[in-house]
Amino acid sequence: MSGAHGRILCYGLTSNPYRRARQVLIARPSGPSPIIRGMEASEKVLVTETDRVAPLQAAAQAGMDYIRSINHRSVAPRPETVASLAALIGPLPDAPTDPVEVARLLAQYGSPATVANGGGRYFGFVNGGCLPAAMAAAWLVNAWDQNAAMECQSPTAIALENTALEWTRDLLGLPEETGGAVVTGATMANFSCLAAARHALLERAGWDAENDGLFGAPELTVVIGNEAHSSLIKALGMLGLGRKRVVRVPVDGQGRMRDDALPHFNDRTILCLQAGNVNTGAFDPAAAICPEARAAGAWIHVDGAFGLWAAASPAYRRFTHGYELADSWATDAHKWPNVGYDCGIALVREPATLRAAMEVQAAYLHQGEGREPSQFNPELSRRARGVELWAGLRSLGRAGMAEIVERTSAHARRFAAGLRAAGFRVLNDVAINQVLVDFGAPEKTLRTVAAIQQEGTCWCGSTVWQGHTAMRISVSSWATTEEDVDRSLAAMIAAAKKE
Ligand SMILES: Cc1ncc(COP(=O)(O)O)c(C=O)c1O
């Protein structure tokens, strides 16, 4: 914020916050800062560099203590710690709070009421943990405070994001011309890719979707599998393509599109395939479907939020065979690659179509020569999450990414074998990192899931898979060890036997 004389206003630590808020931050050890030159002595410097760094030190210490304790606590927070969040809620206080005290409050009341997602025994949803390098990068990114919209705002953020996008394309085995955007997650990646698809197909039909909207536009047909992820359907709604206005392809018992039940494709079809069903981990048979869809001129989109990363492993790559024939791919780095939240990736074979859908122009937005994220992303201002993606992938290397896919999938098989041996039914073919367990009657399964969550050794959620109530185990974290699997198995079996 600029004050009346071009000064920087600030939050404060003073006994008189209102006077303080009119004054200037940052003292430099030698002489006045350029931002306060020319100001009266009485108005100078009330927040020192020490003041500015102290909350970071408090937060870093609390963060490190948190990480050290994460494997020794209940995975779900205890009800009493959740109740203690009362200390942080309520009306906004009139007076400022010392930033160190703010950090202390978060550590005291916030940390205990978190879910231990970053430990080795969280198997909910498809949540990865955050790799140490990606977390360190996130801390640095916060210190940098960059707006990663345009290169003139952050050469570092843009260079690393471009590199991370290229590394991702390479790991996923996608065509060299592919470009894209680093977005908040697979929901926005699906949205961005489908916006590119909408642009391309309507442009081909002589219609300018971005300028003229969809009223009166030529019709497009969207084809999805009957087990498409809800976020893809939400994205279709956000794009005006309709949540319900889709042709649904019947699927098999694993949720894979049946290639003998496909509709006719043409050059106004958007075909949405899935690489990795959120419940079973199954892949649509892309190699069987894509050649015909491509020949017909359809746009092929892949929701590969986690499954596409199987391509990074020589042992699991076979599951992604044929997906390279698509036109766009949505995936997440906060799932299998274990980059922190929020980090999704939209990739498009012809990046110009994504650009056409996302372009933004204004006299003050000075475009550089290279790729400007603002021209490819739904957002303008954005955090430099591409740096975290770069850091995570750099720390893993090709071998590390393959190893996460292989190790977590092996853990999933260990879970399935242990649960079968204990007499419980595993509902899916455990091809990658997802396991569905049926503990008996639906109520018994739900009671068992609740008991497992409450006991605290590990955390799993429930689902209904093709009419069967089941517990979902998603092994997505780099941090999970074989010992974590065995401890969790013992807790699951004990809970199921008690219920
Ligand atoms: C197949 C699939 N697509 C999309 C999503 C949505 O991802 P996000 O939560 O990152 O938006 C998920 C989440 O699990 C998923 O499994």
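Student: How many residues does the largest nonpolar core have, and which of them have the most contacts inside it?

Tutor: The largest nonpolar core has 50 residues, and Leu271, Leu273 and Leu389 have the most contacts inside it. A nonpolar core is a set of buried Ala, Val, Leu, Ile, Met, Phe, Trp, Tyr and Cys residues joined through side-chain atoms within 4.5 Å. The model is predicted, so local features need pLDDT of at least 70 and side-chain atom pairs pLDDT 80 or more, while totals for chains, interfaces and linings use all residues. Residues are numbered from 1 along each chain as its sequence is written, and side-chain values use heavy atoms, without hydrogens and water.

Student: What is leucine 389 in contact with, beyond its neighbours within four places in sequence?

Tutor: Leucine 389 is in contact with Ala164, Thr168, Val182, Ala333, Val339, Cys343 and Ile345, those neighbours left aside. Contact means heavy atoms within 4.5 Å.

Student: Why are helices α7 and α11 called roughly perpendicular?

Tutor: Helix α7 (residues 186-204) and helix α11 (residues 351-358) pack at an angle of about 95°, with their axes 8 Å apart. Angles under 35 degrees count as roughly parallel, over 145 as roughly antiparallel, 65 to 115 as roughly perpendicular and the rest as oblique. The pair is therefore roughly perpendicular. On the α7 side the contact is made by Phe191, Ser192, Ala195, Ala196, His199 and Ala200, and on the α11 side by Thr353, Leu354, Ala356, Ala357 and Met358.

Student: Why is arginine 349 called buried?

Tutor: Its relative accessible area is 14%. Buried means under 20%, exposed over 50% and partly exposed in between, with a 1.4 Å probe and protein chains only. Arginine 349 is therefore buried. This residue sits in the loop between β9 and α11. Its contacts, with neighbours within four places in sequence left aside, include Pro175, Glu177, Arg294, Asp327 and Trp329.

Student: What makes the pair of arginine 349 and alanine 326 a polar contact?

Tutor: A polar atom of the arginine 349 side chain lies 2.9 Å from the backbone oxygen of alanine 326. A polar contact is a pair of N or O atoms within 3.5 Å; within protein, one must be able to donate a hydrogen and the other to accept it, and residues adjacent in sequence count only if both atoms are side-chain atoms.

Student: Why does arginine 317 count as partly exposed?

Tutor: Arginine 317 has 41% relative accessibility, so it counts as partly exposed. It is found in the loop between β7 and β8 (328-332). Its side chain reaches the backbone oxygen of alanine 311 at 2.8 Å.

Student: Is aspartate 145 buried or exposed, and how do you know?

Tutor: Aspartate 145 has a relative accessible area of 64%, so it is exposed. It lies in the loop between α5 (132-144) and α6.

Student: Why is threonine 445 called buried?

Tutor: Threonine 445 has a relative accessible area of 0%, so it is buried. It is found in helix α13 (residues 442-455). A polar atom of its side chain lies 3.0 Å from the backbone nitrogen of phenylalanine 439.

Student: Which residues of helix α9 are buried, and what covers them?

Tutor: In helix α9 (residues 230-238) they are Ser231, Leu232, Ile233, Ala235 and Leu236. Their cover includes α7, β4 (221-225), β5 (246-249), β6 and β7. Glycine 240, with a positive phi near 75°, follows α9.

Student: Where is there a cis peptide bond?

Tutor: It joins tyrosine 341 and aspartate 342, with omega about -10°. Aspartate 342 lies in the loop between β8 and β9.

Methods:
Axes are lines fitted to C-alpha atoms, for helices over the stretch in contact, and angles run from 0 to 180 degrees between N-to-C directions. Helices (H or I, at least four residues) and strands (E, at least two) are DSSP runs, numbered from the N terminus.
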